[in-house]
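Trainee: I would like to learn how to read the helix and strand packing in a model. Where do we start?

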Amino acid sequence: LALGALLLTKRIADVDSDTSVENQTLNVHYDTAIRSTLSDLDLDGTSTQKTLELIEADPTDLWLFAYKYPSNCAFFRRIQNSVLKDNKTTQIIRRVAIHNGQKVIFTNQEDAIVEYIPNDVPLNMLSADAGLAIAYQLAILAAPLISGKGAAALRKEIKAMYIIAKTEAQEHDRLENANFDDDAVTSEFVEARLS
């Protein structure tokens, strides 16, 4: 799909054995394209939860716990919380930083559970639009493969196609994960007003 977006007629049958410049260029950018697209899309359907591994208690004067940052994390969303305010979950205060040479998540939450987008989501689990967005991002990163008259316009067109695929993937995800709750259910203020 990325080669098609770049208007290249080259076809790659086996990414492990093909020695063409096109295949080498796409392979160099493949992991970055997936990580950046999954992060940019931030889809509920690709999120997962994981209990964080405690590295150190009382690591600083400001934080009670330092947890190991997930190694397969493309985008850190939040630390989960069961505390409600106006019938909505509240935000757990946290900070991603480097501590003693290691990427950590500082928080005051004991037994923290993280919600994040992993970078190893199987491609067959993604919607078609999300797959297209990854292909367009790969084409954007591999744009040096194209040159000559019209290359700049094609690069601009690929970026526009990426934005469209991204928007459609996010809309697809929103529709799949939509919850249609009455305002009285989601807001204690509406509930009190209506009672």
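Mentor: Start with contact, which means heavy atoms within 4.5 Å. Helices (H or I, at least four residues) and strands (E, at least two) are DSSP runs, numbered from the N terminus. This is a predicted model, where local features need pLDDT of at least 70, side-chain atom pairs count only at pLDDT 80 or more, and totals for chains, interfaces and linings use all residues. Residues are numbered from 1 along each chain as its sequence is written, and side-chain values use heavy atoms, with hydrogens and water left out.

Trainee: Which residues in helix 3 meet helix 4?

Mentor: From helix 3 come Asp129, Ala130, Leu132, Ala133, Tyr136, Gln137, Ala139 and Ile140. They meet Ile158, Lys159, Met161, Tyr162, Ala165, Lys166, Glu168 and Ala169 in helix 4. Now sort them by class. Ala, Val, Leu, Ile, Met, Phe, Trp, Tyr, Cys and Pro count as nonpolar, Asp, Glu, Lys and Arg as charged, and the others, Gly among them, as polar. The contact of helix 3 with helix 4 has 11 nonpolar, 1 polar and 4 charged residues.

Trainee: At what angle do the axes of helix 3 and helix 4 cross?

Mentor: Axes are lines fitted to C-alpha atoms, for helices over the stretch in contact, and angles run from 0 to 180 degrees between N-to-C directions. Helix 3 (residues 128-141) and helix 4 (residues 151-176) cross at roughly 155°, and their axes come within 8 Å. Angles under 35 degrees count as roughly parallel, over 145 as roughly antiparallel, 65 to 115 as roughly perpendicular and the rest as oblique. Helix 3 and helix 4 are therefore roughly antiparallel.

Trainee: Is the crossing of helix 3 and helix 4 left-handed or right-handed?

Mentor: A crossing is left-handed if the near helix is turned anticlockwise from the far one by less than a right angle, and right-handed if clockwise. The crossing of helix 3 and helix 4 is left-handed.

Trainee: Is glutamine 137 buried or exposed?

Mentor: Buried means under 20% relative accessible area, exposed over 50%, partly exposed in between (1.4 Å probe, protein chains only). Glutamine 137 lies in helix 3 and is buried, with a relative accessible area of 13%. Leave aside its neighbours within four places in sequence, and glutamine 137 is in contact with Ala33, Ser36, Thr37 and Tyr162.

Trainee: Which residues in helix 2 meet helix 4?

Mentor: Thr37, Asp40 and Leu41 in helix 2 meet Tyr162, Lys166, Ala169 and Gln170 in helix 4. By class, this contact has 3 nonpolar, 2 polar and 2 charged residues. The axes of helix 2 and helix 4 come within 10 Å and cross at roughly 55°. These two helices are therefore oblique to each other. The crossing of helix 2 and helix 4 is right-handed.

Trainee: Turn to the strands. In what order do the 3 strands of the open sheet lie?

Mentor: Two strands pair if DSSP finds at least two bridges between them. The order is 1-9-4, with antiparallel pairing. Strand 1 (48-51) and strand 4 (73-79) are the edges, and each pairs on one side only. Strand 4 and strand 9 (residues 113-118) are joined by 5 bridges. There, isoleucine 79 stands opposite valine 114. Helix 2 (residues 21-41) lies across strand 4 and strand 9, at about 25° to strand 4.

Trainee: How many residues lie between strand 7 and strand 8 in their hairpin?

Mentor: The hairpin has 2 residues between its strands, and asparagine 100 in the turn has a positive phi of about 50°. Strand 7 (residues 94-99) pairs with strand 8 in the antiparallel sense over 6 bridges.
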